[in-house]
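Hi,

Here is the structure I promised to pass on. My notes follow below it, with the cut-offs spelled out as they come up.

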Amino acid sequence: MRKVLIVLSIAVLLMTVAIAAGTIKIGVAFPMTGNIAAFGEMTLQGVKIAQTLYPDVLGKKIELVVADNRSDKTEAANVVSRLIDYNHVAAIIGEIASSHSLAGGAIAEQKHIPMLSPASTNPLVTQGKHYIFRACFIDPFQGHVAAVFAYKNLKARTAVVFTDVVQDYSVGLSNFFIKDFVAKGGKVFREFYQSGDQDFSAQLTDALAKSPDVLYVPGYYPEIALMARQARQLGYTGPILAGDGAEAPQLIKIGGSAVNGVYYTSHFNASHPFTSVGKQFVAKYESIYKASPSALAALGFDSYLLLRDAIKRANSVDPAKIAEALRNTKNFEGATGYITIDKYGNTIKSAVVNEVKNGKFTYVTTINP
Amino acid sequence: MSASNLIQDLINGILLGGLYALIAVGYTMVYGILRLINFAHGDILMMGVYFAFYFISAFTMPWWLGFIVGIVGAGALGFMVERVAYRPLRNAPRISSLITAIGMSFFLESLAVVVFGGIPKSFNLYPKFFSRILIIGHTRIQVLTFFILGVTLLLMLALVWLLYKTKIGIAMRAISVDIPTTSLMGANVDNIISLTFIIGSMLAATSGIMWAMRYPQVQPYMGFVPGLKAFIAAVIGGIGSVPGALVGGFLLGMVEILIVGLFPNLAGYRDAFAYVILIVLLMFRPSGIFKVYSEQKV
């Protein structure tokens with residue numbers, strides 16, 4: 001009996017190895033549950049569409065191993081360790097929130113596994129790291145775009161900036177916005193909150209006493225939705241400006257009519273794709289999901305393609321070679337634009353500004369670097 | 001800070017405090033009778049909101065009926081939790097039930113993630129009337145504020161009546177002192193404890209639904225922070241005391257809002273203040289504001 005068991009387990013082991021040899025494993029570290037779960041869901045849709053269109057590389061199938069970081073910083077580091085040590089992935093797509101990418105990126109860097117973040121815009125994510133890359137623009141640019149838009153398009157002169165103190169994304173983006181907005185001659189007041197807060201009435205009461213022309217809330221959609229509702233209840237009718245963290249269907253579902261008049265800077269708008277790959281992506285997405293793709297879906301799509309392209313050019317699954325190839329990405333045509341990754345692992349691309357109008361994310365304008 | 005801002009802050013504080021108070025009342029009731037800190041209280045709250053949410057959206061029930069069904073569902077859940085997790089441990093050391101309560105809390109959260117999904121859902125299922133704003137001078141008050149205050153006070157009065165004027169209440173208070181003797185007096189201890197859990201869970205669901213009306217999203221971890229804050233409120237007020245929970249809840253809500261109002265730069269750390277207040281208070285008054293008579297077992 002025992003011998004049979006041993007033989008059986010060896011056979012199973014060999015078979016797993018044989019099957020595994022036929023695939024290239026790519027880890028996906030996203031928040032699939034918790035506060036910002038909608039981000040994980042949207043980005044994964046994009047990744048999956050890219051996988052359906054281009055399922056293999058170097059003659060092998062690409063296998064995605066999805067790990068959920070539960071919208072939690074500690075767990076964000078844990079899932080990266082797990083993907084590398086237990087699943088033995090060749091590279092990782094992830095994570096989404098900048099604070100998660102900072103936590104997970106430290107592990108990937110240490111273990112020399114390339115990690116490509118679809119949407120972490122904080123500059124610190126790739127700074128001083130050789131194995132961490134991103135498919136999106138960075139916050140000094142996004143803050144600049146928001147400041148230009150607030151000053152020129154919204155004609156705002158006084159802004160109140162709401163910063164989520166536990167999100168590196170929000171802290172960074174707030175500072176970049178303030179620097180540019182003040183340089184243009186605007187006046188800034190500040191308020192603070194924390195991810196997971198649900199009551200903003202005290203901060204809003206204080207903020208509205210300054211009679212601002214715009215509220216700038218570079219945070220994530222759950223808090224923006226609740227804050228917009230409470231701001232409207234306190235009588236604020238002006239515009240609310242946010243960053244790319246605002247875009248999720250839940251913003252509108254939870255915010256209701258209060259989020260009409262929320263503007264946000266983003267990477268992509270399905271009605272104005274920059275490239276022909278973008279058009280193909282929108283068509284494919286709409287045929288599968290019967291809805292318009294979000295910016296995050298487009299970034300997920302691009303991340304997969306960038307990584308696949310890097311593996312192809314490296315002609316190897318050696319992590320160091322993939323990282324080297326990613327660093328040499330030049331003018332790659334993605335859904336969100338032509339992507340060139342610089343030596344710091346960052347991407348330079350145009351930004352769009354969208355507005356929530358009658359419960360829809362509507363294109364307003366494009367601002368170039 | 002101007003006077004109108006201060007008044008607005010006080011109104012906001014009352015609204016938040018009312019929500020904390022309602023959750024804290026349920027907490028304190030279970031503790032007062034069983035000496036068990038039911039850490040799953042916040043998660044039963046979450047489950048109650050989900051029940052209401054699904055009954056209203058899936059069975060197209062009117063909102064008030066959905067709320068009632070959600071509250072009753074949470075009561076049934078509380079009954080089952082007590083039956084499965086706490087009853088077998090009734091004679092075990094107190095720390096065992098405490099750890100079981102924490103385990104139950106995690107279990108319910110994970111169960112909700114699996115069954116309902118981890119993505120926050122919108123809870124816009126109540127009449128627009130509640131979100132109407134009354135404007136008095138420069139102050140804006142949501143109609144919901146009065147509703148929450150009314151429900152909180154009503155439930156507290158009902159609870160005090162139940163505890164001090166009915167036979168069941170006498171039995172509940174007797175159990176809190178000595179279980180074997182109460183059972184010798186002819187009270188059915190198991191049934192009374194079940195009832196305590198049912199009422200506590202229904203209170204949790206009621207407060208959860210109010211919470212979701214004010215902050216209209218439902219997600220599996222929504223009960224955690226309110227539960228923790230309400231626990232602090234209950235301890236500040238003197239855990240085991242129903243009026244204490246009410247006072248503690250209002251105090252905590254008010255202090256949280258006023259700290260943000262007076263020191264806007266510290267707003268990101270307002271949770272920390274709740275804990276600092278608790279520590280300072282426990283240093284000077286270890287049994288909270290309303291001291292509950294507790295018997296020394298010899």
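In which strand of chain A is the place of A:Ala351? A:Ala351 belongs to strand β14 (residues 351-357) of chain A. Helices (H or I, at least four residues) and strands (E, at least two) are DSSP runs, numbered from the N terminus.

Before going further, a word on the source: this is a predicted model, in which local features need pLDDT of at least 70, side-chain atom pairs count only at pLDDT 80 or more, and totals for chains, interfaces and linings use all residues. Residues are numbered from 1 along each chain as its sequence is written, and chains are lettered from A and ligands numbered from 1 in the order in which they are written.

**Around A:Ala351**

Is A:Ala351 buried or exposed? A:Ala351 is buried, because 26 other C-beta atoms lie within 10 Å (buried means 20 or more other C-beta atoms within 10 Å of the residue's own, exposed 12 or fewer, and partly exposed in between, with C-beta atoms placed from the backbone). Leaving aside neighbours within four places in sequence, A:Ala351 is in contact with A:Phe137, A:Phe141, A:Gln142, A:Val145, A:Thr265, A:Ser266, A:His267 and A:Ile367; contact here means that the C-beta atoms, placed from the backbone, lie within 7 Å. A:Val317 is 34 residues from A:Ala351 along the chain, and their C-alpha atoms are separated by 33 Å.

**Helices α5 and α6 of chain A**

Helix α5 (residues 139-153) of chain A packs with helix α6 (residues 168-183) of chain A at an angle of about 50 degrees, and their axes are 8 Å apart. Axes are lines fitted to C-alpha atoms, for helices over the stretch in contact, and angles run from 0 to 180 degrees between N-to-C directions. The angle makes α5(A) oblique to α6(A) (under 35 degrees counts as roughly parallel, over 145 as roughly antiparallel, 65 to 115 as roughly perpendicular and the rest as oblique). By class, the contact of α5(A) with α6(A) has nine nonpolar, four polar and two charged residues. For the classes, Ala, Val, Leu, Ile, Met, Phe, Trp, Tyr, Cys and Pro count as nonpolar, Asp, Glu, Lys and Arg as charged, and the others, Gly among them, as polar.

**Two domains in chain A**

Chain A is divided into domain 1 (2-137 + 274-349) and domain 2 (140-266), with bounds from an automatic or database domain assignment. The C-alpha centres of domain 1 and domain 2 of chain A lie 30 Å apart, and 18 residues of domain 1 are in contact with 18 residues of domain 2. On the domain 1 side, α2 (37-53), α4 (98-110) and α11 (295-314) of chain A each supply at least two residues. That side of domain 1 has 12 nonpolar, six polar and no charged residues.

**Where chain A meets chain B**

How many residues of chain A are in contact with chain B? There are 29 in chain A, facing 28 residues of chain B. The largest share of the chain A side, five residues, comes from α7(A). By class, the chain A side divides into 12 nonpolar, 12 polar and five charged.

From chain B, B:Ile119 is in the loop between α4 and β1 (121-122). B:Ile119 touches A:Ala37, A:Ala38, A:Glu41 and A:Gln250, not counting residues up to four places away in sequence. B:Ile119 is buried, because 25 other C-beta atoms lie within 10 Å.

**Helices in chain B**

Helix α3 (residues 63-86) of chain B and helix α4 (residues 94-116) of chain B cross at roughly 130 degrees, with axes that come within 11 Å. That makes α3(B) oblique to α4(B). The contact is made by B:Val81, B:Ala85 and B:Tyr86 of α3(B) and B:Ser97, B:Thr100 and B:Met104 of α4(B).

α3(B) also packs with helix α8 (residues 189-214) of chain B, at an angle of about 140 degrees and with axes 7 Å apart. The crossing of α3(B) and α8(B) is right-handed.

Best wishes

Note on methods. Contact = placed C-beta atoms within 7 Å. Left-handed = near helix turned anticlockwise from the far one by under 90°.
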